[in-house]
Amino acid sequence: MRDKNSDINNILNMLSGIMSNPEKSEDLLHDFTLNEMNRQMDEVDYDGTGAYGEQLTVEALEKNVPGYFRVIRNLILPINDTATEVDVLMVHEKGIFVFESKNYSGWIFGSKDQKMWTQSLSSNKKYHFYNPIMQNRTHCDAICNLTQVPRQYVMSYVVFSERCSLKKVPENEMYLTIVQRQDMIKEVLKDLDYRSVVFSRSIVDAYVKGFKAYLNNEELKNKHLRQVHREGERRDERVCPKCGRKLRISGYNGPILAMCPDFNQCSYTRPATKEEIKENEKKLMEEQQQRKMNEMLMGPHTMDFKNMRIVPKNKM
């Protein structure tokens, strides 16, 4: 969500800087414009579109990759009872390459099995996004299910913007490459040098024709939109959109709210969902049972082993 007060402050700071340093007005205006463009690109990708990054990926592939191949963008494919959207797909004579584009800036942190990764910005803001390895694994699974192509011929590429810094991410593996856009072509060429031709040109064209048949499938698009909505609800409701901390449930004497744990630093609240309330009640019940157990074992009573009975500690 865009912070209007922050926007106004940024503009006022820029104007104040120009008034106090007129000779640097051109530089200050340039910096302000550049930061604004970067912020808008961050917002676009955080909202789930990432169109700019996807287009750069397509252009780089089409200009630099050798051999016979075709590229498809924004392809929605069926998987199980839902649908999933592939950012960029390259069907090459040496295999199928699946690209997940992340046009983020800031510092990026995440592990292979961690469900949510973190984007940390210079403004001390943090955002959480779904693990792109897991996200692209779903895309690869959908492709394998549809084509019956063995998994070793389907390569997963997670491509981050050159504007970010990959601070702590997993190492590359045989069928998984995590890379920034400026190094993407180098990694793809290295991958292609390692591989042999497995598809004829007619097979490449046949796969592309089959994939493109899904591009205008309204039923799949609707399934995908419902899936995105459900995933968005699951992802967003557990973390604070302002500071990135895990929300806690509070307000038992009034409205039950999900709120930031450090309310003095971040005042974000929202109504708790039925699922959150139920989970929290279950957690409180388990904690109460554990306290009772602790009182029995560690409380004001102890065991009189001589007479084999439980007695108050002050009578021992």
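**Note on aromatic pairs, buried residues and cores**

1. Tyr104, Trp117, Phe129 and Phe160 come together as one aromatic cluster. This arrangement, like everything that follows, is read from a predicted model. Across the structure, eight aromatic pairs are present.

2. One of these is the pair of Phe99 and Tyr157, whose rings are tilted at 40 degrees between the planes, with 5.2 Å from centre to centre. The pair joins distant parts of the chain: Phe99 belongs to strand β3 (residues 95–102) and Tyr157 to strand β7 (residues 154–160), 58 residues apart. Both Phe99 and Tyr157 are buried.

3. A further aromatic pair consists of Phe199 and Tyr207, with an edge-to-face geometry of 75 degrees between the planes and a centre-to-centre distance of 5.4 Å. Tyr207 has a relative accessibility of 22% and so counts as partly exposed; the cut-off for buried is under 20%.

4. An aromatic ring also takes part in a contact of another kind. The charged end of Lys167 is placed over the ring of Trp107, at 4.5 Å from the ring centre.

5. Which backbone oxygen does the side chain of His92 reach? That of Pro66, at a distance of 2.8 Å. Beyond neighbours within four places in sequence, His92 is in contact with Val65, Pro66, Gly67, Tyr68, Phe69, Phe97, Leu192, Phe199 and Val204.

6. In soluble globular proteins, nonpolar side chains tend to be buried together. Here, the largest nonpolar core comprises 19 residues, and the most contacts inside it are made by Leu89, Ile96, Val98, Ile143, Val154 and Phe211. Two or more residues of this core come from each of β1 (69–79), β2, β3, α4 (132–147) and α6 (201–212). Another core, of 17 residues, lies apart from it and includes Val58, Phe69, Met90 and Ile185.

7. Val98 illustrates the surroundings of a residue in the largest core. Leaving out residues up to four places away in sequence, Val98 touches Val86, Val88, Leu89, Asn136, His139, Cys140, Ile143, Val154, Met155, Ser156 and Tyr157. Leu89, Ile143 and Val154 from this list are also named among the core residues with the most contacts. Tyr157 is the partner of Phe99 in the tilted pair.

8. Ser105 is located in the loop between β3 and β4 (106–109). Is Ser105 buried or exposed? At 11% relative accessibility, this loop residue is buried. The C-alpha atoms of Ser105 and Phe160 are 8.6 Å apart in space, although the two residues are separated by 55 residues in sequence. Phe160 is also a member of the aromatic cluster described at the outset.

9. Some totals complete the picture. The protein contains eight helices and 14 strands. Of its 316 residues, 36% are buried. Among contacts with a separation of 6 or more, 52% are between residues 24 or more positions apart.

Conventions
Residues are numbered from 1 along each chain as its sequence is written. This is a predicted model: local features need pLDDT of at least 70, side-chain atom pairs count only at pLDDT 80 or more; totals for chains, interfaces and linings use all residues. Side-chain values use heavy atoms; hydrogens and water are left out. Rings of Phe, Tyr and Trp (its six-membered ring) pair if their centres lie within 6.5 Å; planes under 30 degrees apart count as stacked, over 60 as edge-to-face and the rest as tilted. Helices (H or I, at least four residues) and strands (E, at least two) are DSSP runs, numbered from the N terminus. Buried means under 20% relative accessible area, exposed over 50%, partly exposed in between (1.4 Å probe, protein chains only). A charge sits over a ring if NZ of Lys or CZ of Arg is within 6 Å of the ring centre and within 35 degrees of the ring normal. A polar contact is a pair of N or O atoms within 3.5 Å; within protein, one must be able to donate a hydrogen and the other to accept it, and residues adjacent in sequence count only if both atoms are side-chain atoms. Contact means heavy atoms within 4.5 Å. A nonpolar core is a set of buried Ala, Val, Leu, Ile, Met, Phe, Trp, Tyr and Cys residues joined through side-chain atoms within 4.5 Å.
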